[in-house]
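Biologist: Hello! Could you walk me through this model, one question at a time?

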Amino acid sequence: MKASPCWILALLVTVCFTLAVTLGLRFGNPAEHPQSNSAFTLLFGEGQRLFANQFYVMADVYFHAGYYPSIFDKPEGQSDVLVAARGQSDNDEDTTNVDFFGAPTDWINRFGGHFRVNQHTHLDQGTEAREILPWLKLAADTNPQMIQTYTVAAYWLRRNVHNPKEAEAFLREGLRNNPGNCEILLALGQIYNEDYHDTARARNVWTAALQRWQAQNDDAKKDSKWLCDEISVNLAYLEENTGNWPQAIQYLEIAKQVSPSPDAIQKRIDEARRKLAAQSPASNAPSSHY
Amino acid sequence: MNTIWALSGVVIKELYRRKDFYVLFVLTAMITLVAGMHRFFNDPNIVRYAKDLCMLLIWISALVIAIATTARQIPVERENRTIFPLLAKPVTRWQVVVGKFMGSWLATGVALLVFYIFFGLATGSREEISKWQVYFQAFWLQWVMLGVVVAMTLLGSVVFSAPSANVTICFIVIAGILFLGGHLNVIALRSAEPVQSVIYTIYYLIPHLEWFDLRDRLVHGWGGVSWLDCGLATLYAVAYAWLFLLLTWLVFRRKSL
């Protein structure tokens with residue numbers, strides 16, 4: 001009997017897929033993965049996680065409006081869509097200067113460059129960033145433990161689409177799938193503080209986030225120092241605004257231990273101490289109504 | 001020329017008699033409409049993912065139609081023995097090759113036009129279409145690229161023993177060119193000799209079909225390419241199509257039927 005090449009190809013694809021799912025299940029920890037009822041779960045089961053990274057990359061491709069390196073080109077250091085959402089690009093060089101494709105090496109490469117998108121842009125102006133959202137939603141559906149999909153989507157929903165309600169709902173979905181995750185709690189606190197101006201709820205959420213971060217093991221802490229820095233600086237900012245200087249100093253001291261720029265934090269601590277010293281005699285003085 | 005048009009007409013009629021095109025069109029339309037109707041974060045203005053999906057389906061469908069239509073032309077004529085009365089008339093083998101090519105290419109073009117009209121209507125229902133140039137160029141370049149694919153498949157149909165083998169090999173080769181063709185120079189640079197020279201030779205020999213893919217420009221709202229580049233790419237595709245047709249004729253004229 002002669003086997004058709006189509007059948008052999010189909011068999012190979014099936015074997016690859018089965019192998020990938022089997023290995024994913026063996027080396028993943030199913031206990032950490034609560035069930036989701038999305039269409040992807042029904043169709044692919046655990047195999048859906050294979051697609052999550054690809055969907056996340058698609059969000060980054062859309063963020064670049066189609067200008068994106070292939071695996072053969074100069075790779076992107078860190079996904080720009082995430083860097084922008086974490087606010088880490090403000091002090092860095094403008095990443096739109098980066099040329100993924102480099103100088104053409106021959107006439108085929110040069111002429112081919114005329115047809116592909118050859119301008120490095122980011123969809124961070126106006127409401128165009130909404131176009132990345134479907135891919136982030138799909139990534140979250142396919143891998144509910146992929147934390148950055150929730151935080152990045154929430155950031156762009158708030159910042160460019162001006163829809164904090166949807167952002168909050170999505171983060172809450174993330175919290176249901178990843179109970180007590182500090183990165184999601186940080187993003188949730190930002191919505192309460194910056195969009196709803198509800199500082200009390202923001203403080204509660206960030207305090208919970210800081211406690212969760214501190215309860216982690218040392219390895220997890222080492223990998224997420226920026227998170228502790230961000231949470232404690234935000235908390236310190238809230239306390240500074242309410243004039244609670246001792247608490248603000250306490251949070252800044254925590255931030256200093258993990259911050260990439262401890263000198264700047266020390267300056268803020270010194271400033272807070274000066275204000276506390278100026279406040280203390282006034283607070284110790286007898287009140288006028290006595 | 002009349003003979004070539006007559007042969008082409010038969011191929012075009014065959015396309016609308018067969019179910020391939022209708023099935024692919026209905027599938028593309030259904031998937032696009034379902035995807036387009038889904039609302040992410042209750043935002044009705046998110047459209048690019050649906051456009052992207054629709055264009056991907058159009059590319060896959062067009063390749064399937066082009067390869068499947070072309071691959072069976074000459075083998076079926078031989079299998080049904082209709083090639084003998086055809087060649088007994090004053091029709092040369094070159095005319096058969098060109099007629100089959102023209103018919104397959106035009107039939108694919110008609111199907112592609114229907115797909116693009118649907119794409120235009122679907123996009124127009126969600127956002128304003130202002131950059132018509134890129135729509136036309138995307139259609140034209142894809143059609144011209146399909147001309148190379150049709151010619152390549154026609155060559156395969158006189159080289160390989162069965163249409164199924166030809167279809168599979170053509171799909172693998174074309175997918176390989178589309179995904180890897182433009183990066184072979186990078187792979188070559190990272191390889192040692194003599195592999196480097198072999199990869200470079202392949203890089204310079206293959207038709208660079210990836211040039212003709214304007215999907216990203218269309219989906220992300222970029223403008224079209226310059227008309228000069230469009231014209232040069234057309235000439236490049238015409239040259240490759242004729243080269244494949246010439247090779248097909250050279251093989252076909254020596255082939256015993």
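Modeller: Gladly, starting with chain B: among its contacts between residues at least 6 apart in sequence, 84% join residues at least 24 apart. Two residues are in contact if their C-beta atoms, placed from the backbone, lie within 7 Å. This is a predicted model, where local features need pLDDT of at least 70, side-chain atom pairs count only at pLDDT 80 or more, and totals for chains, interfaces and linings use all residues. Residues are numbered from 1 along each chain as its sequence is written, while chains are lettered from A and ligands numbered from 1 in the order in which they are written.

Biologist: How many helices does chain B have?

Modeller: Helices (H or I, at least four residues) and strands (E, at least two) are DSSP runs, numbered from the N terminus. Chain B has zero strands, and its count of helices is twelve.

Biologist: What is the radius of gyration of chain B?

Modeller: The radius is taken over C-alpha atoms, and the globule rule is 2.2 Å times the number of residues to the power 0.38. For 257 residues that rule gives 18 Å, and the chain B value is close to it, so chain B is as compact as a globular protein of that length, with a radius of gyration of 20 Å.

Biologist: Which helices of chain B each supply at least two residues of the side that touches chain A?

Modeller: The contact takes 28 residues from chain A and 26 residues from chain B. On the chain B side, the helices that each supply at least two residues are helix 3 (48-71), helix 8, helix 9 (184-189) and helix 11 (215-219).

Biologist: Is B:Phe160 buried, partly exposed or exposed?

Modeller: B:Phe160 sits in the loop between helix 7 (132-159) and helix 8 (163-180) of chain B. A residue is buried if 20 or more other C-beta atoms lie within 10 Å of its own, exposed if 12 or fewer, and partly exposed in between, with C-beta atoms placed from the backbone. B:Phe160 has 17 C-beta neighbours inside 10 Å, so B:Phe160 counts as partly exposed.

Biologist: Which residues is B:Phe160 in contact with, leaving aside neighbours within four places in sequence?

Modeller: Once those neighbours are set aside, the contacts of B:Phe160 are B:Ala165, B:Asn166 and B:Ile169.

Biologist: And how many other C-beta atoms does A:Gln266 have within 10 Å?

Modeller: A:Gln266 belongs to helix 14 (residues 262-284) of chain A. A:Gln266 is partly exposed, and the number of other C-beta atoms within 10 Å is 14.
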